[in-house]
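Hi there,

Here is the structure I promised to pass on to you. My notes on it follow below.

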Amino acid sequence: IINNHYEEIDAPSAEEDSDKEDQDLDKMFGAWLGELDKLTQSLDDGRPEQSPQQKAPLRQETNMANFSYRFSIYNINEALNQGENVDLDALMADLCSIEQELSTINTKPNSAGGMARLGLTDTKVHTHTHACTQISVYNFCCCCHCVCVQEEQAAKLKAENIRVALEKIKEAQVKKLVIRVHLSDESSKTMMVDERQTVRQVLDSLLEKSHCGYSPDWSLVETINELQMERIFEDHENLVENLLNWTRDSQNRLMFTERIEKYALFKNPQNYLLGRKETCEMAERNKEALLEECFGGSSVSVPEMEGVLWLKEDGKKSWKKRYFLLRASGIYYVPKGKAKASRDLVCFLQLDHVNVYHGQDYKSKYKAPTDYCMVLKHPQIQKKSQYIKYLCCDDVRTLQQWINSIRIAKYGKQLYINFQEAMRRTEAAYDWSSLSSSSIKSGSSSSSLPESQSNHSSQSDSGVSEMTSAGHTRSQSVVSSIFSDAWRRGTQGEV
Amino acid sequence: MFSSGILTIMAAWDLSVTVEDLGPDTPPVTLSVTSDLHVGGVILKLVEKTQIKRDWSDHALWWEQKQRWLLRTAWTLEKYGIHADARLVFMPQHKPLKLGLPNGITLRLRACFSNPVFQTVIGICRMLNIRHPEELSLLRPLEEKKKKKDKDSTVEIYDLTEVPLSSVSRPCLYNGMPAHFADSPQMEAIYKMLSVTQPPPAPEVIAKQYRPASVVDKAHINGRWLDSSRCLMQQGIQENDKLWLRFKYFAFYDIEPKYDVVRLTQLYEQARWAILLEDIDCTEEEMMLFGALQYHISKVSQSEPQLLSSSAAMDDLESALQSLEVKMEGESSSASEMLENMTAPELNDYLKIFRPKRLTLKGYKQYWFKFQDTSISYFKSKEESIGEPIQQINLKGCEVAPDVNMAAQKFLIRLLIPAPEGMNEVYLRCENEQQYAQWMAACRLASKGKSLADSSYQSEIQSIHSFLAMQKTNSGSHGNAAASDESINTHSLVSPRYHKKYKAKQLTPRILDAYQNVAQFSLTEAVMRFLQIWQALPDFGLSYVVVRFKGSRKDEVLGIAPNRLIRIDLGVGDVVKTWRYNNMKQWNVNWDIKQMAIEFEGNVNIAFSCVTADCKIVHEFIGGYIFMSTRSREKSDTLNEELFHKLTGGHEAL
């Protein structure tokens, strides 16, 4: 939403002389906030019209994937039954915004055939949501002096409308999932996630909502109760994609919690990358050099992990010792009676299709030699199966080294990028915390729906004419730089 | 003369200089000189005396006894310490050299014989358009064993000696290649040879090559590197001698496919041969993947060689088009794509299905299959296909493996489909090649979450066809591979160990298996992927030297890697100790006892003498890697040659 507002205020200011901008900053802030109020009002107006129970069928009519629909409803019902600790307000806001989007396509895009759908939507795009209409009218006022030849514009408008319509169809097809996130204090939050969101984005919005202090260790952890295993989702992973692997009657949980092991690898790389047996200290400067050496080059070398591990035999509760080695191409073991020459190694599994999980309490569940177990399985497997591989280490250190080395082999540089990104957020969080809260709050309330709203409202105003949209991109950057300047000044003042 | 004074009479003496260009039988030219005459003056006198009018600018004086060039023309004879007994030779500094490239091709080109080899390599690389010449060096080739029948041993040599030296010193690109390659069709053909990967070698060629059998064998090759701080003449290299140009330091900086056409191609060739000759160990799975990539690279470079050798402008256009394609795929927001999705194509046919996991004795059963989006559904018959399918299987995320035998006309698609309960195994049997290619391509795309509407569907079908064609020709046995892609023998793609282990037709399905994951790569992507997997091998970048550690009685092996040194116990064959350059405080070399001493942080001191290579070579390796690691910090493109010599020269302790 923030993006819209940039555009709305910048339109008049762009025409003014830039010298005045500094003095006008306060005014602009005022205008901006006023605009924001209007918008929230219009959102509020739309809200009481329908209750969530009525809204749900509306979703059913649209072309959303059935599965996601069922899934969401199931979760909502569950959430409603749970009663007390559901953040219904936030949920309502999310649902309302979806409803608004959908109302722009009054017809249901079903299997009636592509062309027919196109034609229909063409005529209907003119009905915008409250918010959108307001914006386009606003833009019209300040840009009417640049109206081109009527017919030409009409043609353009039509083409643009088709594009917008297609955009909206696409938007409507975006799966959204209502999820329950469990916190470490046994409470839970209900929120809506969009199928395009990465774990990082979801973490960000959770952090903003929960005011729990920023740290790169905050993680989304998937726990599979039935198999007694868990995994920290990587920041770059797609959350919805992972959650859709769960079965409908799943007892799985999604935990929002701090886990030091998530990025321990980067905080103390010497314990993971050097293949040493004992933990040790290292100067920060050397750590950086080591990380740069491992992840900075054109290829990432996998830490040399090898050693005896216990492997659970298929279908039995017995564990056998084997000598395992990790290579970039997968996990191998040394066959009996052979030396560990590369060519004689037997491929245990390749890492493309499996994830590495942390097994819990396997000593009692599977008679494991120790409780330091890791599990390798395809993310879609949710029940006991011969395709799940269980490995057991002698101590927790070995386990962590293996798990982290497998993560490096699987994700390579991406892991390091995730870490750097998480660190950047942490640093940025300090700057942001000193800003006036009103402007940020309004941004965060809709942050569970990234871009979706701002996207199509900017679509609709670019539909007015080509020239305005060109003007926008320019002035938008001007304004945003003014904002950032102002913020910087603000933070300096407080320091 | 007498009147001009006593001094002159005292100092004048005869200096004899052999002028190489006059031929070996011509006696030396004698010049009357004085000790205060500078070298430039000597050359001037000499040229006047020979009375030959030509360009002498590349010529210089070589002092035979002292094995040094007299390149400082302002220095006097006295300063150089030259007396009447000195035998000097006047000859060009650039002489022809036979140069073996990583891809097996031999060039004849003019190389500098007077500057340090480091400079010589820079010159050669500039001529060949290879960036970052500091990563390469020259080494003496292995002696080729003289075979009884000598008729095959004459290798074709491509001549580059006509390239004017002036154009090499200031290269400008024309049509994406250095201007001197654009002069004639012949030259252009040579450039193509440098920049396009060679077809897979015939299995016999691989088998015939020398293969190191042990880590000690591998250590011997490193004794052949030339000293970078001395010139070719000083190292006994003669005109027209043969040397190899190879990547020596395995720290490849700033690879940019757009500018590094030759560099990438040669790097790929060196890596390919290292794998084929088991210079670096890998597992069977990795070997199959390398094989699949080689196959793909050779196929793509034959069908679209213009991609690598095209001009920069074309590249820009190409990459722009490519990114546009990616964008359209990624956003899938264009109207045309939306339409395409709405009228999604499907496949419909009778196929046979078999589920090996179910405990039934029933074999394959025929059903009417429909492939739509990323799912397969099947019905009892075509007529019933309007109703509910018997089953619908979504293939997204599944594993697809081929099981094909052309001779037996067996076309099987093996699917491993993940489900909450585990993996379901399903076999689909096709009737013929055409059907198989279509359904297999669809399965592969679906496993990646793409539908039949995806733009890569047709090329996927094509690549399946071409791979089947390969199997077809393999079943009829013949040896002359290398010719065209239709007749690639899979034995050309793997090391000789697997020639013995598997027959070509047993190998094909295994390589095909690995191939499906790489079939969509462009040429550059495939080459980069090959290099990436090579670099990810545990033993990558290790150069071995047999050494004797101080206080030890037995030979051990020192492995020199881009970031560390390792000590390998020859008895066990295991790494016993690792030292990282990051912790290195200083290193010294004692030339008298030929011993290197290195000090690491934490009071760790090691000292060793070198057995299979000169001390200087080892010293240069370590110093060279330290030099390579300094490159990232300074942004400039100019090489800090002084630093290189300081780090590798061993004249002063650091």
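**The seven-stranded sheet in chain B**

B:Gly559 has B:Ile566 in S22(B) as its bridge partner. Helices (H or I, at least four residues) and strands (E, at least two) are DSSP runs, numbered from the N terminus. Helix H19 (residues 615–630) of chain B packs on the sheet, where it touches strand S20 (543–549), S21, S22, S24, strand S25 (595–600) and strand S26 (604–610) of chain B. Contact here means heavy atoms within 4.5 Å. The direction of H19 makes about 155 degrees with that of S24(B); axes are lines fitted to C-alpha atoms, for helices over the stretch in contact, and angles run from 0 to 180 degrees between N-to-C directions.

The sheet itself is open, with seven strands in the order S23-S22-S21-S20-S26-S25-S24 (chain B) and antiparallel pairing. Two strands count as paired if DSSP finds at least two bridges between them. At the edges are strand S23 (574–580) and strand S24 (584–590) of chain B, each pairing on one side only. From one strand to the next, the twist averages 35 degrees. Strand S21 (residues 556–560) and strand S22 (residues 564–569) of chain B run antiparallel and are joined by four bridges.

Before you go further, please keep in mind that this is a predicted model: local features need pLDDT of at least 70, side-chain atom pairs count only at pLDDT 80 or more, and totals for chains, interfaces and linings use all residues. Residues are numbered from 1 along each chain as its sequence is written, chains are lettered from A and ligands numbered from 1 in the order in which they are written, and side-chain values use heavy atoms, with hydrogens and water left out.

**The five-stranded sheet in chain B**

Chain B also has an open sheet of five strands, ordered S2-S1-S5-S3-S4, with mixed pairing. Strand S2 (29–33) and strand S4 (68–70) of chain B each have a single partner strand, so one side of each is left without a neighbour in the sheet. Strand S3 (residues 59–63) of chain B pairs with S4(B) in the antiparallel sense over three bridges, and B:Trp63 has B:Arg68 in S4(B) as its bridge partner. Helix H2 (residues 39–50) of chain B packs on this sheet, and its direction makes about 135 degrees with that of S2(B).

**Where the chains meet**

How many residues does each chain bring to the contact? Chain B gives 37 and chain A gives 38. Together they bury about 3200 Å², 53% of it on carbon and sulfur atoms; buried area is the accessible area (1.4 Å probe) that two parts lose on being put together, summed over both. Five salt bridges are found across the interface, a salt bridge being a side-chain nitrogen of Lys or Arg within 4 Å of a carboxyl oxygen of Asp or Glu. One of them links B:Glu286 to A:Arg327, with the closest N and O atoms 2.8 Å apart. On the side of chain B that touches chain A, the largest share, four residues, comes from H13(B).

**A stretch of chain A**

UniProt, in an unreviewed entry, places "domain: Ras-associating" at residues 175–261 of chain A; its positions are given in the numbering used here, feature names are shortened, and annotations may be inferred rather than shown by experiment. This span is 20% helix and 37% strand, and its end C-alpha atoms lie 31 Å apart. Strand S3 (residues 218–224) of chain A runs antiparallel to S5(A), with six bridges between them, and A:Glu222 stands opposite A:Leu254.

Best wishes
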